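Work through the exercises below with the model open. Each task is followed by its solution.

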Amino acid sequence: MKFDILTLFPAMFDGPLTESILKRAAEKGLIEVKLHNIRDFAFDRHSVTDDYPYGGGAGMVMKVEPLAACIEHAKVGSPRARVILTTPRGRSFNHAVAEELAREEALIIICGRYEGVDERVRELFVDDEISIGDFVLTGGEMAAMVLVDAVSRFVPGVLGSDESAVNDSFADGLLEYPQYTRPAEFRGLGVPSVLLSGNHQEIAKWRRRQSLGRTAASRPDLLKDAHLSASDREYLEELQRVAGSDG
Ligand code: ADE
């Protein structure tokens, strides 16, 4: 999977993509991240990449010509890439979108800055606009890093078999159950005895119920699309009854 990242601040990417799992994935040739500095495609002497908005108003707008030249350059190396603009105006990024993007052969990610990007960039080049949440970042770079990280986890071989994305929070539409490792007691807090029981059926049942309980408590919105069995539904109803009688 190839990622072409178009940015005014390529140095921002130095740490996050060159450590740990992504570093290993790049070394194995499973992912390739290529940074393109948009400023290198500015055509004037001062390398200007932004300008005042037509019609007035606060802030600066990223100019169309350097971006167009940079995108066209990236497309020579990645002709079939999906072109993504990171922007708070985009569709929401989540587990399913990460999985969908991982099926592409290549992604060209444009990191927006300033107050926005000249609309003609979107009209001419952009296939997809993605927001990583309902807040505004100082630029699209951090959003691009989030995309590269979350998408790479779905590229076959990037995660070891014991790290597989299959058991992730969200994989079945629920949040993950709590995890423990040694020691069995820390500052007076133990580990749920079922996890020490060796009874795999009971452990699976406990974990499922923990996932359901956590999701109901923190992200009840996820439950409507989650894959729930009849006994999952019964358990959720029981939780509601208990909560109702407590309150
Ligand atoms: N650029 C600025 N804010 C953003 C957000 N929330 N998601 C994606 N790109 C952004």
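**Exercise 1.** How do the residues of the lining of the second largest pocket divide into nonpolar, polar and charged?

*Solution.* This is a predicted model, in which local features need pLDDT of at least 70 and side-chain atom pairs count only at pLDDT 80 or more, while totals for chains, interfaces and linings use all residues. Residues are numbered from 1 along each chain as its sequence is written, and side-chain values use heavy atoms, without hydrogens and water.

Step 1: sort by class (Ala, Val, Leu, Ile, Met, Phe, Trp, Tyr, Cys and Pro are nonpolar; Asp, Glu, Lys and Arg charged; the others, Gly among them, polar). The lining has nine nonpolar, nine polar and five charged residues.

Step 2: locate the pocket (on a 1 Å grid over the protein atoms alone, an open set of points where a 1.4 Å probe fits, with protein on both sides within 12 Å along at least five of seven lines; lining residues have an atom within 4 Å of a point). Among the 23 lining residues, Thr86, Thr87, Pro88, Glu115 and Gly116 lie nearest the centre.

Step 3: assign elements (DSSP runs numbered from the N terminus: helices H or I, at least four residues; strands E, at least two). Strand 5 gives the most, five residues.

**Exercise 2.** In what order do the five strands of the open sheet lie?

*Solution.* Step 1: list the pairs (at least two DSSP bridges between two strands). The order is 2-1-6-5-8, with parallel pairing.

Step 2: find the edges. Strand 2 (32-37) and strand 8 (128-131) each pair on one side only.

Step 3: check one pair. Strand 1 (residues 2-7) joins strand 6 (residues 106-111) over five bridges, and Lys2 stands opposite Ala106.
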